[in-house]
Amino acid sequence: MPGRQPTLDEQIAIYQREYRDLDPQVEKVVNALSRLDRRMSVAYGRQLATLGLSSPEWEVLKELVMAGSPYQLWPGTIAKRLGLTPAAMTHRIDRMVTQDLVTRERDPDNRVRVIIGLTDTGRGKWLEVMRMASAFEADLLQDLSTDERVQLGELLTRLLRRVEHAQPDAGGRLTDLD
């Protein structure tokens with residue numbers, strides 16, 4: 001039946017009614033993180049759209065910036081980090097070259113390979129996204145004190161480390177879930 005989404009507490013109560021062995025504290029944390037992730041993804045997607053970028057394009061720009069100056073990587077390196085096939089990476093790069101977000105040039109050390117580089121336009125888009133995201137994130141955390149932000153960051157980092165240790169292969173796309 002269509003209707004409003006239950007609140008987090010209502011969802012936990014329903015789960016407890018249907019599964020009596022449920023730990024409500026665990027379920028509340030996990031479901032709050034899931035809901036927050038979903039809403040943040042939508043908000044970030046909207047911000048990207050206002051700048052004429054897609055999430056996949058943002059991922060490539062982010063990888064190039066993270067590589068540091070001169071902001072260049074081989075397409076295979078980017079594909080591996082993003083969990084993409086070489087063909088999918090080529091298609092993504094093709095679109096980004098036509099938008100002047102990245103360049104594709106022959107590697108001077110190995111003429112068989114190409115290097116993907118960040119253009120001034122691409123770096124400008126990256127900076128615009130970062131400004132918008134920073135404002136959104138500051139607003140998101142405005143009700144937390146500095147100490148609470150530090151504590152939350154440490155707790156979430158501890159959870160992330162545990163998941164990364166348990167599932168080291170889950171950093172890119174999860175092809176087994178597609």
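These legends describe close-up views of a predicted model. Residues are numbered from 1 along each chain as its sequence is written, local features need pLDDT of at least 70, side-chain atom pairs count only at pLDDT 80 or more, and totals for chains, interfaces and linings use all residues. Side-chain values use heavy atoms, with hydrogens and water left out.

**View A. Asn 31 in helix 2.** Asn 31 sits in helix 2, residues 24–50. Helices (H or I, at least four residues) and strands (E, at least two) are DSSP runs, numbered from the N terminus. Asn 31 is buried, because its relative accessible area is 11%; buried means under 20%, exposed over 50%, and partly exposed in between (1.4 Å probe, protein chains only). Its side chain makes a polar contact of 2.9 Å with the side chain of Glu 27. A polar contact is a pair of N or O atoms within 3.5 Å; within protein, one must be able to donate a hydrogen and the other to accept it, and residues adjacent in sequence count only if both atoms are side-chain atoms. Leaving aside residues up to four places away in sequence, Asn 31 touches Leu 8, Gln 11, Ile 12 and Tyr 15 (contact means heavy atoms within 4.5 Å).

**View B. Pro 70 and Tyr 71 in a loop.** Pro 70 lies between helix 3 (55–67) and strand 1 (72–73). A cis peptide bond links Ser 69 to Pro 70, with omega about 15°. Tyr 71 is in the loop between helix 3 and strand 1. Tyr 71 is not a glycine, yet has a positive phi of about 60°.

**View C. Asp 100 in a loop.** Asp 100 lies between helix 5 (86–98) and strand 2 (102–107). Its relative accessibility is 40%, so Asp 100 counts as partly exposed.
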